[in-house]
Amino acid sequence: MRGSERERETAKNMGSNTGDLVTRVQSAHLFDHDALLRYAADNVSGFPTNPSQFTISQFGHGQSNPTFLIAVGSGSSLKRYVLRKKPPGKLLQSAHAVEREFQVLKALGEHTQVPVPKVFCLCTDPTVIGTAFYIMEFMEGRIFIDPKLHNVAPGRRTAIYRAAAKALASLHSADVDAIGLDKYGRRANYCQRQIDRWFKQYLASTSEGKPVRNPKMFELVDWLRKSIPAEDSTGATSGLVHGDFRIDNLVFHPYEDRVIGILDWELSTLGNQMCDLAYSCMHYIVNVQLDKEHVSEGLETTGLPDGILSMPEFLLEYCSALGKPWPAANWKFYVAFSMFRAASIYTGVYNRWLMGNASAGERARNTGVQANELVECALGYIARENVLPAHPPPVKRHEGPSYESLVDGTGRFVPNRKVLELREKLIKFMETHIYPMEKEFAKLAQSNLRWTVHPEEERLKEEAKRQGLWNLFIPVDSAARARRELAAIENKQSFDQLFGEGLTNLEYGYLCEIMGRSVWAPQVFNCGAPDTGNMEVILRYGNKEQIAEWLIPLLEGKIRSGFAMTEPQVASSDATNIECSIKRQGDSYIINGTKWWTSGAMDPRCRVLILMGKTDFNAPKHKQQSMILVDMRTPGIHVKRPLTVFGFDDAPHGHAEISFENVIVPAKNILLGEGRGFEIAQGRLGPGRLHHCMRLIGAAERGMELMAKRALSRKTFGMFIAQHGSFVSDLAKLRVELEGTRLLVLEAADHLDKFGNKKARGILAMAKVAAPNMALKVLDTAIQVHGAAGVCSDTVLAHLWATARTLRIADGPDEVHLGTIGKLELQRASKL
């Protein structure tokens, strides 16, 4: 087992897998399974209608609304969902509002990047299973029940706590007015209302002497009412509040230390977010476990396990992420309030246990004692002289959002752990599957069956999907937009696996480089041109109908695409020259013209073209052009011939010359609107151009590797080539140039992430000039070292060289990019 695989297996065992936290359904929570099956089949898109397997188990973790795991399917096809419902029996007023949980999860899931499970349906009809309920997605991941994180490496403990702080900051950054939660609660005087509410709940839970009321609870409530901070009444610290934010209500990725889901939203509302922050820190002060009879001291007293952030460090992570002030002034109140509320909740749990309907069953028997001990702890905390330093601790240097120093040194572009793991998987995949098949792929591409797809390619695509190496190019913002547009499309829950890993351009650069080591690799991972650029166009600019019809099959790898812009009769490096016409006629557009170098159009799987033409020849120069989606099967499309690149026709992918003769396309296929072709092109070409540069780095690395191996194994004039001083000097110079170009490409990716395509256009142009020229030098020298073998198809070098040389033209000639760089330099000088 390789190192990263061992690490992943270890990481999986560091927390409880979400699917392992279930038991048999408790007798008090039994309901009609058949009624649920009928309802879910009618109301959850994609829910199996006649399954051979339908099982329900109950999650034992958590104390509020009973939660169940649904497993449904036939044969080896099994889907899992989570059902959350109100408890049976008489309930306290306003408690267990699953309707509110559904509302907040739906708003956050559809409109923000806050990590929450998707919700599918809400049922308020109690005749179905006895109470209101909702169904949401099952999140495969890890839950850490114990905040001490036993059996977790110290470095990963630190990462987990930082991830928890950032998840809370993400939640608190949600713009409730923009996502439809502006009426979700009252923002001012939250603490006053909460004290009144929970004290009322406490009194109701202890009515008739079961359980017995604690007189010290009255003392605690009196202090809290007199000590409410002024910021609570002004709403200065208001926003969305989770109400029960703690580490065991977070789902972490199966092996990465990042939060993928925040659970248990029963207590969520609008209000004072400092209450959330204090409650998330309770384990530092007190230790409350259901399987223990008593409350014990927290981590601040017992000692912090190695790697776990101190409470001030955790608070600093949160405050830094949101730009909030240090909370020392009112921290005593918020912690005491949190313990008061927890005591009230535990009293209610104990009351339900006495009645026989507590969600945790017999594990709730200790909650009565623990509630009273929490009251004692709160009063003791109030009596402390100091509870938090007056000022935040010094900032410790640690990884930013995209970088993590895993090696000695402080290199700016050190990939984070997630990227390193993906990179190692890619390298292994290439060694195991791609390199051994290169000659087979090339053999088919040179045969009479050249325009067919090798069956092994389709098998490898499925293997890449299985290993999580699919659609890695998709940025997280584009994926989020597509998910919003897909909200109304059936079976949308099955699309999640298609949106990649949410990488930045910088992060993807390390992976794209590996794919570039082989001309055949990118398409196996669904990361090949022009599909990546076309998918990005539809992701960013397509409407939900276009996304459903064309993007989803592209993301699935079921079809391929082409990009039709270049024309044989004009200099297409200036796209204002294009002459292909797109004329509106009723509910259609009529296309006439000729395109060439339409890469991908020869592929038998090519089903759609993105075509750039002119909808208005009289509009301003950069408003004449539009882009439109064209079905390749439309009458009037004639593929005239495949074009060759230095003798390579790149079958079965190919580069076609195509004529369009009165091609009728539905008006709904226009992208973004008439006259917006240049706007789309500029958005498309930034990441696309950079992908080419990234792949060229990989091609150059492949050349360096083959060259060095050849030099160590072949002799000339009695010496190995590697022993000739001139070769050693050339090899060193090439390494220097390669590393410099790699840094330039990574810098360009970083600029694209931080500043966008327009502001990064200068450094993007530099990368586009530097990468192919560097790759050509490396590959040319590698060919020279291989002699005659270098120029034939016995090695991959000739094909890599042809690709690199073409890219000095394909994404705009060097001269255009040099013009951009020079103009920006002169503009900079003119401002000095």
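The model is predicted, so local features need pLDDT of at least 70 and side-chain atom pairs count only at pLDDT 80 or more, while totals for chains, interfaces and linings use all residues. Residues are numbered from 1 along each chain as its sequence is written, and side-chain values use heavy atoms, with hydrogens and water left out.

Of its 832 residues, 56% count as buried, meaning under 20% relative accessible area with a 1.4 Å probe, protein chains only.

Next select residues 154–172, helix α4, together with residues 311–322, helix α11, whose axes (lines fitted to C-alpha atoms over the stretch in contact) come within 9 Å and cross at roughly 40 degrees. The two helices are therefore oblique to each other, a class for angles left over once those under 35, over 145 and from 65 to 115 degrees are set aside. Show side chains here: the contact (heavy atoms within 4.5 Å) includes Y161, R162 and H172 of α4 and F314, E317 and L322 of α11.

Now select W331 and F340, the residues with the most contacts inside the largest nonpolar core, which has 98 residues; such a core is a set of buried Ala, Val, Leu, Ile, Met, Phe, Trp, Tyr and Cys residues joined through side-chain atoms within 4.5 Å. Helix α12, residues 331–355, gives the most to this core, with 10 residues. Finish at Y541, L738, V785 and V796, which are among the 95 residues of a second, separate core.

Key:
Buried means under 20% relative accessible area, exposed over 50%, partly exposed in between (1.4 Å probe, protein chains only). Helices (H or I, at least four residues) and strands (E, at least two) are DSSP runs, numbered from the N terminus. Axes are lines fitted to C-alpha atoms, for helices over the stretch in contact, and angles run from 0 to 180 degrees between N-to-C directions.
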